[in-house]
Amino acid sequence: MRPLAKWHRMKKGLTERFELFINNKHEICNAYIELNDPVVQRQRFAQQLKDWQSSDDEAMALDETLCTALEFGLPPTGGWRLGIDRLTMLLTDSQNIKKVLLFPAMRPQDESSAKGFFPIYGVDDIFLLLI
């Protein structure tokens with residue numbers, strides 16, 4: 001389960017969220033209704049800590065600022081996240097996210113496999129030019 005997503009109102013074991021995929025392989029958008037119960041949120045963060053201690057690399061840390069905001073009565077919220085790196089993968093027809101990452105330390109070691117889509121500039125260079 002997603003630690004920040006609210007449980008589905010009618011279907012036990014599901015959360016209220018969706019993901020947008022293009023061509024069945026490119027995850028472009030991740031969206032969900034955020035949990036706004038501070039007690040349940042702290043319990044989920046505690047479970048995430050246990051998961052992290054059990055070698056779960058994707059587990060989240062306790063976000064005390066979020067829990068405090070929830071205690072003050074954060075209204076129901078939702079949102080979506082668009083991965084620029086994933087959108088770039090789609091636009092450049094890349095099969096590996098490491099080829100489009102902005103940070104060179106995360107790119108593959110083999111320079112021949114790390115060449116960008118653009119012949120003169122690497123994808124990272126194009127991002128820097130647009131910024």
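**Entry 1: helix H2.** I began with the covering of helix H2, and I noted that helix H1 (38-53) is among the elements that cover the buried residues of H2. By contact I mean heavy atoms within 4.5 Å. Helices (H or I, at least four residues) and strands (E, at least two) are DSSP runs, numbered from the N terminus. I must record that this is a predicted model, in which local features need pLDDT of at least 70 and side-chain atom pairs count only at pLDDT 80 or more, while totals for chains, interfaces and linings use all residues. Residues are numbered from 1 along each chain as its sequence is written, and side-chain values use heavy atoms, with hydrogens and water left out.

I then asked which residues of H2 (residues 64-71) are buried. I found Leu 66, Cys 67 and Leu 70 to be buried. Because they cover an arc of only 100° around the axis, they lie on the same side of H2. The arc is that of the directions from the helix axis to the C-beta atoms. Buried means under 20% relative accessible area, exposed over 50%, and partly exposed in between (1.4 Å probe, protein chains only).

At the start of H2, I located a side-chain oxygen of Asp 63 within 3.3 Å of the backbone nitrogen of Thr 65. After H2 comes Gly 73, with a positive phi near 95°.

**Entry 2: the chain as a whole.** I listed four helices and three strands in the protein chain. Their order from the N terminus is β-β-α-α-β-α-α. Of the 131 residues, 25% count as buried. Among contacts with a separation of 6 or more, 49% join residues 24 or more positions apart.

**Entry 3: cysteines.** How many disulfides does the chain have? I counted zero disulfides, a disulfide being a pair of cysteine sulfur atoms within 2.5 Å. Cys 29 is buried, at 8% relative accessible area, and Cys 67 is buried at 0%.

**Entry 4: the largest pocket.** I looked up the largest pocket and noted a volume of about 250 Å³. Of the 13 residues that line this pocket, the closest to its centre are Arg 2, Pro 3, Asn 30, Tyr 32 and Arg 81. Strands E2 (26-33) and E3 are the elements that give two or more residues to the lining, and E3 gives the most, with four. A pocket is defined on a 1 Å grid over the protein atoms alone, as an open set of points where a 1.4 Å probe fits, with protein on both sides within 12 Å along at least five of seven lines; lining residues have an atom within 4 Å of a point. Grid points are joined across faces, edges and corners, and a volume is the space filled by probe spheres set on the points.

**Entry 5: Asn 30.** I placed Asn 30 in strand E2. Is Asn 30 buried or exposed? Asn 30 counts as buried because its relative accessible area is 7%. Its side chain makes a polar contact with the side chain of Arg 17, at 2.6 Å. A polar contact is a pair of N or O atoms within 3.5 Å; within protein, one must be able to donate a hydrogen and the other to accept it, and residues adjacent in sequence count only if both atoms are side-chain atoms. Beyond four places in sequence, Asn 30 touches residues including Phe 18 and Trp 80.

**Entry 6: Leu 82.** I found Leu 82 in strand E3 (residues 78-82). Leu 82 is partly exposed, at 34%.
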